[in-house]
Amino acid sequence: MATNNEHIPTVRYRMTDDWSGPIKNLMHTMASVGSGEGVARLQRLQFAMDTNAKKVIHDAGVATQGKAREIERANVGGKKSGYVPTGNLMRSIEAHDSSNGMQTEIAPQAMSKKGYEYGQAVEFGTKKMAAEPFMKPAGDAIGSNLNETAHKALKQASEEA
C-alpha cells in the first residue's frame, strides 16, 4: 500500500497479462496453417481480454476513490482525533491509471500550507492524533471482490470473442 513515497496511504490494483503470449503463439500457429478465420477470432479475443481487464482495473480505482471519500467524509475528524475536516483531504483522493491501463493507484494528494501531506497523519495517526484509516478500509472493501470480478470479466471476454 504505497507509491514511491512510502508515507502516502495508497491503494494499488494491478492485473498481470498472462493471456497475450499464449494467444499470440496460437495466432502464429493458425496463420502458419492458413487459418485466417482462426487468426481473426484470436485477435478479437485478445482485444476483448485487454479491454475487459483494463475496465476492471479502472472501475476498481474509481470505486475505491469513491469509497475512500465516503469513509473520510463520514468517519474522519471531530473529537476523536482533533483533526477538523475541511473537505480538502476528501476531494484530494484521486485514482490514476498507469501501465497501459493495467494498474491503478488511489491516493490522497492533500497538502498543508507547510507542504506536509496530511493524508498520512489521518490514515496512520501521529503522536498527538489517533489514526483514522480511510484508504485501507476502502481498498479492503473494493479489493475483496476484485479477483472474482476480474475472473468474470475475462470469462465474458472469451465467450463474446
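Strands E2 and E3 form a hairpin with four residues between them, and Ser 99 in the turn has a positive phi of about 50 degrees. Helices (H or I, at least four residues) and strands (E, at least two) are DSSP runs, numbered from the N terminus. The structure is a predicted model, in which local features need pLDDT of at least 70 and side-chain atom pairs count only at pLDDT 80 or more, while totals for chains, interfaces and linings use all residues. Residues are numbered from 1 along each chain as its sequence is written, and side-chain values use heavy atoms, with hydrogens and water left out.

Ser 98 has Gln 103 in E3 as its bridge partner. In general, strands of a sheet pair through backbone hydrogen bonds, either parallel or antiparallel. Four bridges connect E1 and E3 in the antiparallel sense, and Tyr 13 stands opposite Thr 104 in E3.

Contact here means heavy atoms within 4.5 Å.

The buried residues of helix H5 (residues 135-143) are Met 135, Ala 138 and Gly 139. Seen down the axis of H5, these residues fall within an arc of 95 degrees, so they line one face of the helix; the arc is that of the directions from the helix axis to the C-beta atoms. Buried means under 20% relative accessible area, exposed over 50%, and partly exposed in between (1.4 Å probe, protein chains only). The packing partners of the buried residues of H5 are strand E1 (11-14), helix H2 (36-75), strand E2 (93-98), strand E3 (103-108) and helix H4 (119-124).

The largest nonpolar core has 36 residues, of which Tyr 13, Met 15, Trp 19, Phe 134 and Met 135 touch the most other members. Such a core is a set of buried Ala, Val, Leu, Ile, Met, Phe, Trp, Tyr and Cys residues joined through side-chain atoms within 4.5 Å. Two or more residues are given to this core by each of E1, helix H1 (20-32), H2, H4, H5 and helix H6 (146-160). H2 supplies the largest share, eleven residues.

Six salt bridges were counted, each being a side-chain nitrogen of Lys or Arg within 4 Å of a carboxyl oxygen of Asp or Glu. One of them joins Lys 136 to Asp 140, with the closest N and O atoms 2.8 Å apart. These two residues lie four residues apart in helix H5, separated by about one helical turn. Lys 136 is partly exposed at 42% relative accessibility, and Asp 140 is partly exposed at 43%. In helix H2, Lys 67 and Glu 70 lie three residues apart, about one turn of the helix, and form a salt bridge with closest N and O atoms 3.3 Å apart.

Notes:
Two strands pair if DSSP finds at least two bridges between them.
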